[in-house]
Amino acid sequence: MKKYKILLKEHIDKNALEILKESCTITDDFDEIENVDAIIIRAEKVTREMIAKAKKLKVIGKHGVGYDSIDIQASKEFGIDVVYTPIANIQSVGELIIALMMNTARNVSLSFERGKKNLNKTIAPKELIGYQLNHKKLGIVGAGKINRIAANIAKVGFNMEVLAYDPFISEEDCNELGFKKAQSLEWVMETSDFISISVPLTGDTKHLINKTMLDLMKSSAILINTSRGGVVDEDALYHALYNKSIFAAASDVFVNEPPTHENKLLSLDNFVATPHVGANTHEAMELMGSTVVNEVLLVLNGRTPNYRVL
């Protein structure tokens, strides 16, 4: 008889799933939540109500970095372990930041869309003039592992100067990384040619990038958000792009996901949207899957996990 029951509704790597099946019964039915020992999620939410109903629940595993979809306070009150995979997808998300920078700077998606509509009447149309990345300034808001990967690619590959805004990083650490420590978010916003947002969504970071901050940006600047929907005020960003007060923006994350035509940002030529695909590579999926399964099984077997939120 298998020892544990796991609630898992979403796709994870097939090898990780096989490991889980060796010692666990897997259900995708929320009606069985009272009998589950663990919950593994990717995009699903775990609410206080769910946690209260799950009388046998010992651990919640987040397949990914951001755990804002889990009621952490309720988990703490009910004594539930929460584990996650903080380093499994950082390379993939860091590379996506660079991809979105290049896409928006050179109008790649716009060129393709115009071509499909037979709107490109000449080679190198003036409407598609873009910018080089070489020797530009990259401002990183949040100097964690993901933005550091993107910044290192930008620094080494494109000779970019990196300006880092993060209250939790010292000037000494910035110097060691080859970044310039920014004393204020305002300075980064007004100085940078490209700005990459990579911070968790909290009460303090909701609408961190708002109209006031966007108004500081250069008209040639580009904003990239791979953190969480809500960190950037989508209405303010729409108006900045519509009025062309900034050159372009791209986002992999939205308040309502996946983004559809109902999101007015998608109506803009100078905006690129991806449906939260930062970690959607074979390599990252394999590593996230194996990590979250290992972490959950460690807790269930009474051992100490490596990546514990709670």
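Visitor: How many cavities of 30 Å³ or more does a search of the whole structure find?

Guide: This is a predicted model, in which local features need pLDDT of at least 70 and side-chain atom pairs count only at pLDDT 80 or more, while totals for chains, interfaces and linings use all residues. Residues are numbered from 1 along each chain as its sequence is written, and side-chain values use heavy atoms, with hydrogens and water left out. On a 1 Å grid over the protein atoms alone, a cavity is a set of points where a 1.4 Å probe fits but cannot get out, and a pocket is an open set with protein on both sides within 12 Å along at least five of seven lines; lining residues have an atom within 4 Å of a point. With a cut-off of 30 Å³ or more, the number of cavities found in the whole structure is 3.

Visitor: What volume does the largest cavity have?

Guide: Grid points are joined across faces, edges and corners, and a volume is the space filled by probe spheres set on the points. For the largest cavity this comes to about 70 Å³.

Visitor: Which strand gives the most to the lining of the largest cavity?

Guide: Of the 14 lining residues, Asn225, Val232, Leu237, Ser251 and Val253 are the closest to the centre. Helices (H or I, at least four residues) and strands (E, at least two) are DSSP runs, numbered from the N terminus. Strand 10 (222-225), helix 10 (234-242) and strand 11 (248-251) each supply at least two residues of this lining. With 3 residues, the top contributor is strand 11.

Visitor: Which helix provides the largest share of the lining of the second largest cavity?

Guide: The second largest cavity has a volume of about 60 Å³, and its lining includes Asn103, Thr104, Ser109 and Asp269. At least two lining residues each come from helix 4 (90-105) and helix 5 (108-116). The largest share, 3 residues, belongs to helix 5.

Visitor: How many charged residues are in the lining of the second largest pocket?

Guide: This pocket holds about 320 Å³ of space, and helix 5 gives the most to its lining, with 4 residues. Among the lining residues are Glu113, Arg114, Lys117 and Asp269. Ala, Val, Leu, Ile, Met, Phe, Trp, Tyr, Cys and Pro count as nonpolar, Asp, Glu, Lys and Arg as charged, and the others, Gly among them, as polar. By that scheme the lining has 7 nonpolar residues and 1 polar residue, and the number of charged residues is 4.
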